[in-house]
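Trainee: I'd like a close look at just one part of this model, taken slowly, please. Could you pick a stretch of the fold and walk me through its surroundings?

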Amino acid sequence: MGQARILLIVGGGIAAYKSLELIRLLARRGLAARVILTQAGAQFVTPLSLSSLSGDRVYQDLFSLTDEAEMGHIELSRQADLVVVCPATADLMAKAAHGLASDLASTTLLATDKRVLMVPAMNVRMWEHPATRRNVARLEADGVRVMPPDTGPMACGEFGPGRLPEPERILAEIEGMLTGPARSPPPCGPLAGLRAVITAGPTREPLDPVRYMSNHSSGRQGYAIAGSLAQRGAEVVLVSGPTALAIPDGVTAVRVETASEMYDAVSASLPADIFIGVAAVADWRPARRAASKLKLKGAKGPLSLSLVENPDILRSVGTRERQRPRLVIGFAAETNALDRHARAKLRRKGADWIIANDVSGDVMGGTDNEVSVYSASGSERWPRMNKSALADRLAGRIAVHFGRPGAAE
Ligand code: CTP
């Protein structure tokens, strides 16, 4: 791979020692690492061990005059091919997600125009905290690659996701990012310059650490629409519940589990020109998520669940007063009175179009779809077609709506 250069930001945490091994592995592949060490990171590894391995000085201070004279923070990121944050602490990710520039590491992350890989390591509760979930979703929506942490016993004595992946896996991720397209080609096509946020798949609403409520949505229709819009040049953020599908080319994916996470990820991905709610969002979630597995033994009588309503993502986007996307599209899955329900949904959700399908047959989870499209000006019935043909036809209609040249269906 030759002369690629990595700017490695070492954050604080017990896993910081693994950054030393990572530098060694990088060097073996001919990849030079230049290191920024945060103040917290310096509590765990010394600048001397990092510089001995990287063969370069270690940068620590935003306001050091000698550093500025030799290499400012802008220059540091300019000279790199990839910025890697390892370990990425909850604090560093929060700063980057909010655009804070309070030290050399966060300032460099704000100033860089290079691709960024974050390799988180933290306590499982910190990783699972809604604030960290939001920050990860925000970073992913901004195009940052966040490597999922490993699951296992942690230095703090707990068990769960939060461990730094092994350095070999981090190296593989880095090599993958370096060999991928250095910079995506400027988008072309009828939807170039438009940003679309799409939800897809089911959501999972946990009852306890091992059980959840969900539905049969496969995510196929939403993924196909994301792919069709991206193919036509749109910048697409796909906020997806758990699915087994591959992310379509050119699409930025934000993976979530619950409706509340999906709501947060969508809010973080706006503003956009187009919003399409394809996800089968669970309408309710258990009022309480039990901290440990619910036990059958000792249960007094039948178990009753109390459910609370989830946020309505489509409605919240469709009725936004500020920065409402110019085109808001929802889906309506109905088993009866399609026409009446679809029209009611159009109004209630503040959508411009509602794509209604009858799910009493084999549509949900299947490969085909048969829909009618409703808008304020009427409705139109589309013939039965497979989900990717439907996605292409919808993308064509969207291009026509935005008056784009070459907007053929
Ligand atoms: N939707 C959403 N957030 C929710 C529920 C639904 O964004 N909490 C979106 C779906 O992505 C879809 C549309 O709303 O685009 C229709 O969802 P549906 O569940 O069919 O409608 P409901 O509002 O739940 O109405 P009902 O269940 O009464 O049919």
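**A strand, its partners and a helix**

Mentor: Happy to! Taken over C-alpha atoms, the centres of domain 1 and domain 2 are separated by 34 Å. Please keep in mind that this is a predicted model, where local features need pLDDT of at least 70 and side-chain atom pairs count only at pLDDT 80 or more, while totals for chains, interfaces and linings use all residues. Residues are numbered from 1 along each chain as its sequence is written.

Domain 1 covers 5-179 and domain 2 covers 195-401, with bounds from an automatic or database domain assignment. Seven residues of domain 1 contact nine residues of domain 2, a contact being two C-beta atoms, placed from the backbone, within 7 Å.

Now to our part, strand E18, residues 353-358. Strands (E, at least two residues) and helices (H or I, at least four) are DSSP runs, numbered from the N terminus. Because five of its six residues are buried, E18 is largely enclosed by the rest of the structure. Buried means 20 or more other C-beta atoms within 10 Å of a residue's own, exposed 12 or fewer, and partly exposed in between, with C-beta atoms placed from the backbone.

Between E17 and E18 comes helix H13 (residues 338-348), and the three make a right-handed β-α-β unit. Right-handed means that, with the strands pointing away from the viewer, the path from the first strand over the helix to the second runs clockwise. Alanine 342 lies in H13 and is buried, because 23 other C-beta atoms lie within 10 Å. Leaving out residues up to four places away in sequence, alanine 342 touches Ala332, Glu334, Ile354, Ala356, Ser372 and Tyr374.

Finally, follow E17 to the ligand. Gly330 is one of the residues that come nearest to the ligand, out of 16 around it; here a residue counts when its C-beta atom, placed from the backbone, lies within 6 Å. E17 gives the most to this shell, with four residues.
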